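Have a look at the structure first, then read on.

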Amino acid sequence: MNIEMIGFDADDTLWHTEVHYVQAQEDVLKILSPWGETEQISRIFDQTIVKNLSWYGYGIKAFILSLLEAALQASRGELQAYQVDQILSIGKRMLSEEIVLCPHVQETLHVLASSYPLMLITKGDLLDQTTKVKRSGIGDCFSIIEVVNEKSPETYAKVLKKYHVNPVNFLMVGNTIRSDVHPVLALGGAAVHIPADTTWEHELVPGFDTTQDNYYELEHMGQLSDLIAQIDAAR
Ligand SMILES: [Mg+2]
């Protein structure tokens, strides 16, 4: 494979994110404890978040709107104004959360950026994600930053066309099969899966064939440079 460009997912590939979503849900569950059992209210959260993806897309603002809607439903309209305010504050806390890079990210990106064009491609809210890139201190490693609504094969195809990259020479690195691996393999590219400690259920792909060509799995980012050297040498 003649690697023309390496793509990186952001959330839970470069920096920890899911942990803040899990914590936020737990905090809102505490607010809603007078109105039902944890399990029952969690189910309302999950349903509302997934149902609203086509309205709001991904990211913290979308998530908080969905939690508010779920909270109104779970409390049967009894949620108080101060509790709405508490939920909004949880969202602001998430938006200002310190960025903690995943292990080996910094050194690996610096090494790879000297040999390949690197693209950051992430779902979510444009303002939040671009702010995070700036605050992360690793923004300079990327020649391209793309914030997209959905990571489908069509999205990747469109983005790669824009930068004149042949999809078969594109290698993507990310923590989810659904958004980072599957669509890129579908286009004939290669994908490196680096699973995160916590992954949102919506992003899991049960029964994914891990033996297929051009699929690689690593434990952490520190193993990436060696793998890419091997892939490049085998072309
Ligand atoms: Mg991710």
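Predicted model: local features only at pLDDT ≥ 70, side-chain atom pairs only at ≥ 80, totals over all residues.

Residues are numbered from 1 along each chain as its sequence is written, and side-chain values use heavy atoms, with hydrogens and water left out.

**Two domains**

The chain splits into domain 1 (5-16 + 100-233) and domain 2 (18-95), with bounds that come from an automatic or database domain assignment. Their C-alpha centres lie 29 Å apart. Where they touch, domain 1 puts in 15 residues and domain 2 puts in 12 residues; contact here means heavy atoms within 4.5 Å.

**The cores**

A nonpolar core is a set of buried Ala, Val, Leu, Ile, Met, Phe, Trp, Tyr and Cys residues joined through side-chain atoms within 4.5 Å. "Buried" stands for under 20% relative accessible area, "exposed" for over 50%, and "partly exposed" for in between, using a 1.4 Å probe and protein chains only.

Which residues have the most contacts inside the largest nonpolar core? They are Ile 6, Phe 8 and Leu 14, in a core of 29 residues. Strand S1 (5-8), helix H6 (105-113), strand S2 (118-123), strand S4 (170-174), strand S5 (190-193) and helix H10 (224-233) each supply at least two residues of this core. H10 gives the most, with 4 residues. These helices (H or I, at least four residues) and strands (E, at least two) are DSSP runs, numbered from the N terminus.

Setting aside neighbours within four places in sequence, Phe 8 is in contact with a list of residues including Leu 14, Leu 109, Leu 118, Phe 142, Met 172 and Leu 224. Apart from this core lies another one, of 23 residues, with Tyr 21, Leu 32, Ala 71 and Ile 87 among them.

**The empty spaces**

Rolling a probe the size of a water molecule over the atoms shows where empty space is left. The search runs on a 1 Å grid over the protein atoms alone: a cavity is a set of points where a 1.4 Å probe fits but cannot get out, a pocket is an open set with protein on both sides within 12 Å along at least five of seven lines, and lining residues have an atom within 4 Å of a point. Grid points are joined across faces, edges and corners, and a volume is the space filled by probe spheres set on the points. For the classes in the table, Ala, Val, Leu, Ile, Met, Phe, Trp, Tyr, Cys and Pro count as nonpolar, Asp, Glu, Lys and Arg as charged, and the others, Gly among them, as polar.

| Space | Volume | Lining by class |
|---|---|---|
| Largest cavity | about 110 Å³ | 7 nonpolar, 3 polar, 4 charged residues |
| Largest pocket | about 790 Å³ | 10 nonpolar, 15 polar, 14 charged residues |
| Second largest pocket | about 250 Å³ | 7 nonpolar, 5 polar, 4 charged residues |

How many cavities of 30 Å³ or more does the structure hold? The count is 1. Its lining has 14 residues, and His 16, His 20, Met 94, Glu 97 and Lys 132 lie nearest the centre. Helix H1 (18-31), helix H5 (81-95) and helix H7 (126-136) each supply at least two residues of that lining. Domain 1 and domain 2 both give residues to the lining of the largest cavity, so the cavity lies between them.

The largest pocket also lies between the domains, because domain 1 and domain 2 both give residues to its lining. Of the 39 residues that line this pocket, Glu 18, Tyr 21, Tyr 58, Trp 200 and Glu 203 are the closest to its centre. H1 gives the most to this lining, with 6 residues.

The second largest pocket is lined by 16 residues, and His 16, Cys 102, Pro 195, Ala 196 and Asp 197 are the closest to its centre.

**Two residues to look up**

Most residues other than glycine have a negative phi. Arg 76 is not a glycine, yet has a positive phi of about 50 degrees. Arg 76 sits in the loop between H4 and H5 and is exposed, with a relative accessible area of 58%. His 164 has a positive phi of about 55 degrees, and is not a glycine either. You'll find His 164 in the loop between helix H8 (153-162) and S4, where His 164 is exposed at a relative accessible area of 71%.
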